[in-house]
Amino acid sequence: MSIKTINPATEEVIAEYQNITEADLTNKVAKSREAFSKWKLEPKNRAVFLHLLSENLRKNKESLAKVATQEMGKPLKESLAEVEKCAWAMEFYGDNGETFLNPEIINTDARKSFVAFQPIGVIASIMPWNFPYWQALRFAAPSLMAGNTIVLKPASVTMQCGIEMEKLFLNTGFPEGVFQTLVSNSSMAEKLIDSDINAVTFTGSNIVGAKVAQRATSQIKKCVLELGGSDPFIVCSDADVEKASTGAVKGRFINCGQSCIASKRFFVVKNLAKEFIEKFVQKVEKLNVGDPMSDVTDIGPLVNADGLHRIEEMVQDAVAKGARILTGGKRLRDKGYFYAPTVVDNVTPDMMLAHEEVFGPVAPVTIVEDEDEAVRLANSSQYGLGASIWTQNLDKAEKLSRLIDSGMVAVNNVLVSDPRIPFGGVKQSGFGRELSKYGMLEFVNVKSIRYYDQLIQYHRVE
């Protein structure tokens, strides 16, 4: 079997790859396990390698960014920012990883008690296409710093991005086997989970995530799931409309709306609805849709024909049920998977736009009576990844941020991932955390150690 990658802006075939065999997979995992035996021993060396990789990411960011843009269609300026963010993550864990791994001393009845944090082994990483570098490396940075080794199965859509990452690790001087990429389609994912790995991290849909979790946990293998989102964007009665409408454009249309933490459902209290919607639509209509390799492009194509057809279906469903298109609502160009940035109002809970994850440049707006109704509708989703709340009242911000059922909340800003802050959701958005110290501790053995009796420490005098 082979894998073809297609440029979503031109619909031209970029490259074709041959799937690895099951024997190749077994050999790669064995190589990763062999590398683990030495990699786990020296945290100071691991920190040095992460800093070197950060430098190489920056040196090669133009070429890396072009590969991502060609494969999945995001504007080049966003691809450049993605590579830069990966470099930051490597720096962060290179700087802080040793501190995060320091033993935690605890007072007990024993002579000495502490908690040690030790790597667990080979981690299988099954990653998506929408942020091909960031999704893989935001997991890799803390896991590698903890002393684990990684076998990555990238999305078939962005296969060359996965290949480029392995090349980068080897060119930086990482020992062979520490980070490897599998050239395979989804057929190899189950075999990877079944292989001699210790844990799995998966980013993708909740439907596939449930299958990954079932397969991994049936073999007593740890897993972390970062799944879909349908993040609410709540404009309170006292919000700064100018800032909120600008934030709405950024939160909804980054990466052509193909982000798990993009703002996907907009709830606006009625006293500000008219002003907010007018400003929002005006700003959306200024977005430049076009060639993703151009510096002036804000919105590129959707990733593939299936993504485009799905968005068309969702908008048609909404219109058939009474929604109103305020701008956009149509496919653009004969070639490429381009869809106009779209704002829809009169949204009701029975519409696909209201209860399914909208992975594309469409913003459904619902006018609500007050913040209580906004919270109720926000929490009615099966998802619970993030939320964005816009208010000028600190007490209201504190109250609403605690009422929202999600793993993350941003007040007066859109949600972004940050190496310093834990990332993850609740409900159908998954479990476990990435990034920060908490992300690092997902893939370590938290080992309790206690020394009893009167152990004597001998001091040697020269």
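Predicted model: local features only at pLDDT ≥ 70, side-chain atom pairs only at ≥ 80, totals over all residues.
I looked up helix 2, residues 43-59, and helix 4, residues 76-100. Their axes lie 8 Å apart. The packing angle is about 160°. That is over 145 degrees, so I note helix 2 and helix 4 as roughly antiparallel to each other. The crossing of helix 2 past helix 4 is left-handed.

Next I asked which residues make the contact. From helix 2 I listed Pro43, Lys44, Ala47, Leu50, His51, Leu53, Ser54, Leu57 and Arg58. Helix 4 contributes residues including Val83, Cys86, Trp88, Met90, Tyr93 and Glu98. I then sorted the contact of helix 2 with helix 4 by class: eleven nonpolar, three polar and six charged residues.

Entry 1: the largest pocket. I read its volume as about 1,200 Å³. The lining of this pocket has 43 residues. Which of them lie nearest the centre? I found Trp129, Phe202, Gly204, Ser205 and Val208 there.

I then traced the lining to its elements. Helix 7 (189-194), strand 8 (199-203), helix 8 (206-217) and helix 11 (305-320) each give two or more residues. Which element gives the most to the lining? I found that helix 8 does, with six residues.

Last, I checked the classes in the lining of the largest pocket. I noted 20 nonpolar, 14 polar and nine charged residues.

Notes. Residues numbered from 1 in each chain as written. Heavy atoms only, no water. Axes fitted to C-alpha atoms, helices over the stretch in contact; angles between N-to-C directions. Helix = DSSP H or I, 4+ residues; strand = E, 2+ residues; numbered from the N terminus. Parallel < 35°, antiparallel > 145°, perpendicular 65-115°, else oblique. Left-handed = near helix turned anticlockwise from the far one by under 90°. Contact = heavy atoms within 4.5 Å. Nonpolar A, V, L, I, M, F, W, Y, C, P; charged D, E, K, R; others polar. 1 Å grid on protein atoms, 1.4 Å probe; cavity = no way out; pocket = protein on both sides within 12 Å on 5 of 7 lines; lining within 4 Å. Points joined across faces, edges and corners; volume = space filled by probe spheres on them.
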